[in-house]
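Good morning, colleagues. Please take a moment with the sequence and the structure on the screen before I go through them.

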Amino acid sequence: MSHYSGCMDSQKPHFLEACFLCRKPLGYNSDIFMYRGNTPFCSKECRQEQIEVDESTRKKSWKMSSSSSRSTRKSDPKDSTSNKTARTGTVAVA
């Protein structure tokens, strides 16, 4: 007797099968610590390590873009003033 199994052999593993950082298998009935919506971790420690890596990467990229924009401004100050725009309006905060 043949049973239809669909495309089970070619499917990617489910994203909740292993910790994103250490690749430890996540148990069926164990806690899963999520980060950024759909990134699973086996512990608070693994999740925190990923958060710190992401923050470090973000700060480095911000510094790189900030320093490159400063060098652009220093090289041609006339052009930097002509490209500025201002937004005006009223802001109400409740």
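What is the relative accessible area of Phe15? Phe15 is partly exposed, with a value of 44%; partly exposed lies between buried, under 20% relative accessible area, and exposed, over 50%, with a 1.4 Å probe and protein chains only.

A word on the basis of these values. This is a predicted model, in which local features need pLDDT of at least 70 and side-chain atom pairs count only at pLDDT 80 or more, while totals for chains, interfaces and linings use all residues. Residues are numbered from 1 along each chain as its sequence is written, and side-chain values use heavy atoms, with hydrogens and water left out.

Let me turn to the overall layout. The chain contains 2 helices and 2 strands, in the order β-β-α-α from the N terminus; these are DSSP runs numbered from the N terminus, helices being H or I of at least four residues and strands E of at least two. Of the 94 residues, 14% are buried. The chain exposes about 8800 Å², and 53% of that comes from carbon and sulfur atoms; accessible areas follow the Shrake-Rupley method with a 1.4 Å probe, and for residues only the protein chains shown count as cover. Among contacts between residues at least 6 apart in sequence, 15% join residues at least 24 apart, where contact means heavy atoms within 4.5 Å.

I return to Phe15, which sits in the segment before strand 1 (33-35). Together with Ile32 and Met34, Phe15 makes a nonpolar surface patch of about 240 Å². Such a patch takes residues with over 30% relative accessible area and no salt bridge, and joins nonpolar side chains (Val, Leu, Ile, Met, Phe, Trp, Tyr) within 5 Å; a salt bridge is a side-chain nitrogen of Lys or Arg within 4 Å of a carboxyl oxygen of Asp or Glu.

Next, the cysteines. How many disulfides does a search of the whole structure find? The search finds 0, a disulfide being a pair of cysteine sulfur atoms within 2.5 Å. The closest cysteine sulfur to that of Cys19 belongs to Cys22, and at 3.7 Å it is too far for a bond. Cys19 is buried, with a relative accessible area of 0%, whereas Cys22 is partly exposed at 39%.

Finally, Gln50 lies in helix 1 (residues 44-75). Gln50 counts as buried, at 12% relative accessibility. Apart from its neighbours within four places in sequence, Gln50 is in contact with Phe20, Leu21, Tyr35 and Phe41.

Notes. Patches are made of residues with over 30% relative accessible area and no salt bridge: like charges are joined within 9 Å, nonpolar side chains (Val, Leu, Ile, Met, Phe, Trp, Tyr) within 5 Å.
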